[in-house]
Each structure stands twice: as structure tokens, then as C-alpha cells.
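Have a look at the model first.

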Amino acid sequence: MTGELRGAAARVLAANWAGAWTVPSRTLYPHQWSWDSAFIALGLRHVAPGRARQELNSLLAAQWADGRLPHIVFDPAVPADAYFPGPGFWGARTSGLVQPPVHALAAWEVFRADPAGARHDGFLPAAYPRLAAWHRYLRDRRDLGGDGLVALIHPWESGTDNSPAWDAPLAAVDPVPIGALQRRDLDPAAGHATAAERPTDLDYGRYVRLAAAYRDRGYADTLDTSGFAVEDPMTNALLVLAEHAMTAIAAEIGADPAPHRTAAAELTGALVGRLYDADAGTFLARDLLAGRVLDAYTVAGLVPLAVPDLPVAGPLVKTALGERFQLGTAHLVPSYDLTAPDFDPARYWRGPAWYNTSWLVWRGLRAHGEAGHAADLRARMLACAARAGFREYVDPHTGAGHGSADFSWTAALVLDLLATRA
Ligand code: 2M8
């Protein structure tokens, strides 16, 4: 089975290769997405390390002068109306939003897969200053709460776009009228998703309102002009991992690792101090505008388990094993609390289980000495992919596949799991 699965996963990535990067899916997502490319590179490194470097390089080449890495880089060869909101909406060749910072981790792992090839290409010396500027943008410009954590100004920035955690802050946003939306994600002619699996029109109206407002104020990152501002535990945890990776990258290329070690420690302290809820046994996001904790149990609250030296790993594992996430029984790690009345097994980030967040929890289990649970989760992820194919996400109760087929990060992370035994 292993050889077949590996071959099938590599074929998905080959079919989705667009020349210098990989599209997340040929149907739903025809451009380059930021954190998708990082996960894709983590898998590609096992079958085509040169392509993995190209994947990251092409994203880094789209970096803005202020350091941000855009959440989507549009392919000029793709018709302008193939995805909404596309280049016409943004008036640029990229979106102006960002996504979680998985890139430095990916760059380091891509280097380790083929040090000779990477050294020959000058991969890390070229990537390092760009990654450092990216992290500086997040830490300086996006610390909207002034407490040392990154704030997100749009649900799309979280990667878990439709998370129930965002319902309360989104409720305050005036939606763009449905008639004005040109949703492409629901177009059946283009082989797209069913409405029951995607965000509602009301949510889309709010996403578009927030994105247009950010664009129209020239991407100014200020709390008082943001209609949405949240501190997300997953984004901040991933920045900790990214700074740990920068420590290793700096050492490899002869730069000073100390600032990255300091940044990782500071961010870990702020993450635990500000977003961990001991009573809940998980990390919870915070709404900066309303000054309240967003008390939805989501997978984003478990992902900090991937942070090394996390002082609260024990209770977090307990929460993952408990009734809300049912690690060891569920198929992968559900995106949302299985016991919540509004849990939905098929709708976007409101219940289904995804491979990237499950892979991060798997890494966390390994990092904190939970080898048995890690091996079990790995086996479940591989079994699901073997049965359902490389689907975008799965029903955590049945393992049935949902969303796009031949989804790139699913194939990539399966390759990574296959390359790692435990
Ligand atoms: C989903 O997000 C896009 C917007 O960025 C969409 O719904 O159209 C999310 O799952 C996000 O995490 C992912 O990066 C993107 C592409 O796979 O799709």
C-alpha cells in the first residue's frame, strides 16, 4: 500500500504543478496560495527537492516591500474571473492579506532534504533575508494589541476561514449584498464545491466587505481602522516554529541565530500567557476590538502543541484525547468541537478534519513524547487518504472525503508521513 500511496501522491503534485509552484487544486484554487505552498514544499522535498525550493522561491519573489508574503499570488495565465476575489478585485498581482507563517519551517526542512542541491542553488542565503523581513512585518506591523502577538485582520488570514471562533467578531461586520458577490467557488460548471460544504453567502459578504475596506485604506495595519482584529493561537504558534527554524537557518548560513532564539522565547511566553486558558485546557483566540476571549474549541487551539518547550503540553494532549476532539477515535483531528451544537461534519472549517492541522498536531505529539498517539494519528491519516483519496478534508466521524479532490497539501503531507516512520 505504501508504494502505491506514495506514487499516487506524487502524481497529484505533478498534475497540480503550474511551472514554478503548485496550485492547491485544479478546480477550486487555480493560483498560488501562501501556506499551501509551504505545506506542499514539505512534501515535495521527498520526491523533487529542486521543485520544493522553486515552490518557496516563487512565493518569496512575490513579497511586498513592507515584508508581507501575500496570501495568494495570481497566475496571469489564468482567466481573471476563475477565482473570486481575483486580481481585478485587488488591483494587483497578489492579494494584500497574509496567511500563517509556515514558510521558514518549510525552508529549513526543504534544505535538510537535499543540502548539497540547496547549497548549490544558494537557497538559504537568498531565502533568509526575505523570511526575516516577513517575520518582522508580522511582529512589528501586526502587533495590533501591543502584547507581542500577531493579530489577523481578516478570517482568510487564519487559514481556518470559516471557523466558529470568528462568528462573534464577524457578526459586527456589515455584509456586502449577496447580489454584488461573484462567487466562483460554488460554480457547478467548473466542478466546484456544493454550497453545503462552503461558507454561506452572508459570511462571504462579510469577507468581501473586510477585504475591500483593507484594500481601500491602503493596507494600513491599525487597530482603529480594522473591522476585525483577532489573535489566533495557531498563527502565533506557527511563528514560534518559524523562529526556531530561523535559528537553525541562521546558524547554517553564518548569520546570528540569537535574535531568533529570543523571538521564539518571547512569542512562546506571550502565546501561553495571553491565549492559554487553563480552565478550558486549550488555547483560545482573542477578539481585540471587543476585548474578549473567543471561547470556541477549535483545532487552532491544539496546534500550539507543536511548539517545543510548551509548558502546557500535558493538558493540551488531554483535551485532544477528550470528547471534544476524540483523538484516537475520530478520523484525523476535527477542526471544531465534536460536542458543540453547531458542529457540522462537512462544512468548511466548522467540523471536518484537515490534513495540515492534523499533521501539525501529529508533530506536536511527537515533540512531547506522545509516540503512541502520534503513530496512531499517522496511521489514521494514511488510511483515510488510501480510502478516500487526497481530499481537501474529511468527515471526522466516517472518514468520507469532502471539498476538492486531488488536493495538493493532502498529497504532500501524506508523502511526509510516509517518509517518517513513527
Ligand atoms: C481556503 O481559503 C480560500 C481563501 O483563501 C477559499 O476558501 O477560497 C482555506 O482552506 C485556506 O486555508 C487555504 O489556504 C485555501 C487554498 O487551499 O483555501
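Start with the shell around the ligand: its residues split into 12 nonpolar, three polar and three charged (Ala, Val, Leu, Ile, Met, Phe, Trp, Tyr, Cys and Pro count as nonpolar, Asp, Glu, Lys and Arg as charged, and the others, Gly among them, as polar). Keep in mind that this is a predicted model, where local features need pLDDT of at least 70 and side-chain atom pairs count only at pLDDT 80 or more, while totals for chains, interfaces and linings use all residues. Residues are numbered from 1 along each chain as its sequence is written, and side-chain values use heavy atoms, with hydrogens and water left out.

Which residues come nearest to the ligand? Out of 18 around it, they are Asp36, Tyr83, Gly159, Asp161 and Tyr348 (a residue is near if one of its heavy atoms lies within 4 Å).

| Side chain | Distance to a ligand oxygen atom |
|---|---|
| Tyr83 | 2.5 Å |
| Asp161 | 2.8 Å |
| Arg198 | 3.0 Å |

On its own the ligand exposes 420 Å², and the protein buries 99% of that (areas by the Shrake-Rupley method with a 1.4 Å probe).

Where does the ligand sit? It sits in the largest cavity, which here takes more than half of its atoms lying within 2 Å of the cavity's grid points. A cavity is a set of points on a 1 Å grid over the protein atoms alone where a 1.4 Å probe fits but cannot get out; a pocket is an open set with protein on both sides within 12 Å along at least five of seven lines, and lining residues have an atom within 4 Å of a point.

The largest cavity has a volume of about 220 Å³, counted as the space filled by probe spheres set on the points. Of its 21 lining residues, Tyr29, Trp33, Gln99, Asp161 and Tyr348 are closest to the centre. Helices H2 (34-44) and H9 (201-216) each supply at least two lining residues (helices are DSSP runs, H or I, of at least four residues).

The second largest cavity holds about 40 Å³, and its lining includes Trp166, Asp232 and Phe283.

Finally, the largest pocket has about 170 Å³ of space. Helix H10 gives the most to its lining, with four residues. Among the residues lining this pocket are Leu105, Trp108, His244 and Arg363.

Notes. A polar contact is a pair of N or O atoms within 3.5 Å; within protein, one must be able to donate a hydrogen and the other to accept it, and residues adjacent in sequence count only if both atoms are side-chain atoms.
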